[in-house]
Amino acid sequence: MNWNIRNDAPVYTQLVDQIARAIILGQFPPGGRLPSVREFAADAGVNPNTMQRAFAELERLELIRTQRTAGSTVTEDIARIEQEKRRLAQALSLIHI
């Protein structure tokens with residue numbers, strides 16, 4: 001993944017946004033397995049605790065599901081992914097007004 005970490009917002013929220021976008025764009029398909037927290041953290045150049053916080057938020061948003069021994073997978077709930085896509089599109093349209 002190409003990470004874009006800026007200084008104008010908390011890092012974990014930027015990670016949440018970028019992973020959510022990757023899910024919405026199909027880079028991580030429904031039901032697909034995500035890289036581990038440590039793998040993602042190393043790739044993004046962030047602390048694993050920060051990435052864990054992002055994963056916890058993605059789970060709260062019901063975009064991913066985490067099981068201790070099986071790792072994290074993208075939700076299979078296509079309607080939830082579409083809902084997030086609409087929310088993101090609306091947020092982006094408000095920024096450009």
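I take contact to mean heavy atoms within 4.5 Å, and I keep to that cut-off throughout these entries.

**Entry 1: ground rules.** The model is predicted, and I note that local features need pLDDT of at least 70, that side-chain atom pairs count only at pLDDT 80 or more, and that totals for chains, interfaces and linings use all residues. Residues are numbered from 1 along each chain as its sequence is written, and side-chain values use heavy atoms, with hydrogens and water left out. For the secondary structure I use DSSP runs numbered from the N terminus, helices being H or I with at least four residues and strands being E with at least two. For burial I use relative accessible area with a 1.4 Å probe and protein chains only, where buried means under 20%, exposed means over 50% and partly exposed lies in between.

**Entry 2: Glu84.** I looked up Glu84 and found it in helix H4, where its relative accessibility of 3% is why it counts as buried. Leaving aside neighbours within four places in sequence, I find Glu84 in contact with Ile24 and Leu63.

**Entry 3: Ser93.** I found Ser93 in helix H4 as well, and this residue counts as partly exposed because its relative accessibility is 39%. I also checked Ser93 against Ile78: the two are 15 residues apart in sequence, and their C-alpha atoms are 23 Å apart in space.

Entry 4: I placed Thr75 in the loop between strand S2 (71-74) and helix H4 (78-95), and I record it as buried because its relative accessible area is 14%. A polar atom of the Thr75 side chain lies 3.0 Å from the backbone nitrogen of Asp77; a polar contact here is a pair of N or O atoms within 3.5 Å, where within protein one must be able to donate a hydrogen and the other to accept it, and where residues adjacent in sequence count only if both atoms are side-chain atoms. Not counting residues up to four places away in sequence, Thr75 touches Pro30, Gly31, Glu62, Leu63, Ile64 and Ile81. I followed Glu62 from that list and found it in the loop between H3 and strand S1 (64-67). Glu62 is not a glycine, although it has a positive phi of about 65°, and it counts as exposed because its relative accessibility is 52%.

**Entry 5: the largest nonpolar core.** Which residues touch the most other members of the largest nonpolar core? Of its 22 residues, I find that these are Ile19, Ile23, Phe40, Met51 and Phe55, a nonpolar core being a set of buried Ala, Val, Leu, Ile, Met, Phe, Trp, Tyr and Cys residues joined through side-chain atoms within 4.5 Å. The elements that give two or more residues to this core are helix H1 (11-24), helix H2 (37-44) and helix H3 (48-60), and H1 supplies the largest share, 6 residues. I then took Ile19 by itself: apart from residues up to four places away in sequence, it touches Met1, Trp3, Phe40, Met51, Phe55 and Leu58.

**Entry 6: helix packing.** Two packed helices are described by the angle between their axes and the distance between the axes. I use axes that are lines fitted to C-alpha atoms, for helices over the stretch in contact, with angles that run from 0 to 180 degrees between N-to-C directions. H1 and H3 pack at an angle of about 55°, with their axes 8 Å apart. That angle makes H1 oblique to H3, since under 35 degrees counts as roughly parallel, over 145 as roughly antiparallel, 65 to 115 as roughly perpendicular and the rest as oblique. From H1 the contact involves Val11, Tyr12, Leu15, Val16, Ile19 and Ala20, and from H3 it involves Thr50, Met51, Arg53, Ala54, Phe55, Glu57 and Leu58. For H2 and H3 I noted an angle of about 115° and axes 8 Å apart, and there Val37, Arg38, Phe40, Ala41 and Ala44 in H2 meet Pro48, Met51, Gln52 and Phe55 in H3.

**Entry 7: Met1 and Pro35.** I placed Met1 in the segment before H1, partly exposed because its relative accessibility is 32%. Pro35, in the loop between H1 and H2, is partly exposed because its relative accessible area is 25%. Pro35 and Thr73 are 38 residues apart in sequence and 8.9 Å apart in space, C-alpha to C-alpha.
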